Amino acid sequence: MNIQSLLVLTLLPTSLIVADSSFLHIWPEQAPGSEKLALELMTEERSTNPNEHNRVLSQIQTPQLEVFRPETPNGTAVLICPGGGYRYLAYDHEGVVIAERLNEDGITAFVLSYRLPGEGHDNRSWVPLQDAQRALRTIRYHAEDWGIDSQRIGVMGFSAGGHLASTLGTQFERQSYPVRDQLDAVSARPDFMILLYPVISMHPDVTHMGSRTQLLGTDPEPSMEKQFSNALHVTAQTPPTFVALANDDGAVIPQNSLEFVTALLQAKVPVELHSFEKGGHGFGIRRASGPTQTWPDLLIAWMRDRGL
């Protein structure tokens, strides 16, 4: 499947054409802060298996949602934020493959190709959150069209995508961009969060330095470091959360997840943590082995227990 050959639709707040699998522009015009750029989407195929895609995306100027609809939707939806250190998006490994797995359990999935902060956009640190907020609002505004319950829309993120998902889940009320249309009056709060080996902190002793540098630059102000250290922003309004990681993750150290889980517990937010002894970083579904292979089933069990 070629990412540029699929149907691309421009979303208007008052109308929506629904297809079984399609790309939807989330901004009616140019995304805020990207108007002066002329980026050309880059798609790199890293798979040597002709039957299996492993594409990574970069130079994203036009953020999009790819919609994956199950045969029998159960009313729950998940917005998926692939990882890639805020330098690229692991679009298949932590996007398409995950969406297809969620579809097996009746969950409608939306893979977000969000803008990357180091590619020349104004207000670089905020562009991923702008896209995530707009994407969540888009899904909620048009929930009925997709057969979705507007109160059962979650966000899911992997690695740096987990940082974006947790930013959305803790800073959903922040006005990160100027209002464009009536769609922006819709709540951007996810009803639940799913975080896989997420970056959480921007503190140099804890963070993934590549993600921090891409998001904040090489010498960020201390206030920005705190702004994007998401455990500091957990409140009682933070959504219930599922977290999975491996203890031997050498890229994003487990302290990221542990800080976030601790903050959720202190705020009395429901949280389920699965900390596998082995698995490394970026196991997703395809690279998972041993006990880490069980995380999708553990997630579905958690969702069912919560009525999702």
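Q: Which helices each supply at least two residues of the lining of the largest cavity?
A: In this predicted model, α1 (92-103) and α7 (295-305) each supply two residues or more to that lining.

Q: Which of them gives the most?
A: Helix α7 gives the most, with four residues in the lining of the largest cavity.

Q: How much space lies in the largest cavity?
A: The largest cavity holds about 40 Å³. The structure has one cavity of 30 Å³ or more.

Q: Back to α7: which of its residues are buried?
A: The buried residues of α7 are W295, P296, L299, I300, W302 and M303. They lie on the same side of α7, because they cover an arc of only 160° around the axis.

Q: What do the buried residues of α7 pack against?
A: They pack against helix α1 and against the strands β6 (77-81), β9 (153-158), β10 (192-196), β11 (241-246) and β12 (271-276).

Q: What happens to phi just after α7?
A: G307, which follows just after the helix, takes a positive phi of about 75°.

Q: Changing topic to the largest nonpolar core: how many residues has it?
A: The largest nonpolar core has 84 residues. Those with the most contacts inside it are L79, I80, M156, W295 and M303. In general, nonpolar side chains of soluble globular proteins tend to be buried together.

Q: What does M156 touch?
A: Leaving out residues up to four places away in sequence, M156 touches V78, L79, I80, C81, I98, L102, A165, I194, L196, W295 and L299.

Q: How many Å separate the C-alpha atoms of I98 and S187?
A: Those C-alpha atoms are separated by 25 Å, and the two residues are 89 residues apart along the chain.

Q: Now the largest pocket: what is its volume?
A: The volume of the largest pocket is about 280 Å³. Its lining comprises 17 residues, and G84, Y88, A90, E94 and H281 lie nearest the centre. The lining divides into five nonpolar, nine polar and three charged residues.

Q: What is the phi of Y197, and of K268?
A: Y197 has a positive phi of about 35° although it is not a glycine. K268, also a residue other than glycine, has a positive phi near 60°. Most residues other than glycine have a negative phi.

Q: Where are Y197 and K268 placed?
A: Y197 is in the loop between β10 and α4 (209-216), while K268 lies in the loop between α6 (255-266) and β12.

Q: Buried or exposed, for Y197 and K268?
A: Y197 is buried, at a relative accessible area of 1%, whereas K268 counts as exposed, at 74% relative accessibility.

Notes: Residues numbered from 1 in each chain as written. Predicted model: local features only at pLDDT ≥ 70, side-chain atom pairs only at ≥ 80, totals over all residues. Heavy atoms only, no water. Core = buried A, V, L, I, M, F, W, Y, C linked by side-chain atoms within 4.5 Å. Buried < 20%, exposed > 50% of the residue type's maximum accessible area, 1.4 Å probe, protein only. Contact = heavy atoms within 4.5 Å. 1 Å grid on protein atoms, 1.4 Å probe; cavity = no way out; pocket = protein on both sides within 12 Å on 5 of 7 lines; lining within 4 Å. Points joined across faces, edges and corners; volume = space filled by probe spheres on them. Nonpolar A, V, L, I, M, F, W, Y, C, P; charged D, E, K, R; others polar. Arc of directions from axis to C-beta.
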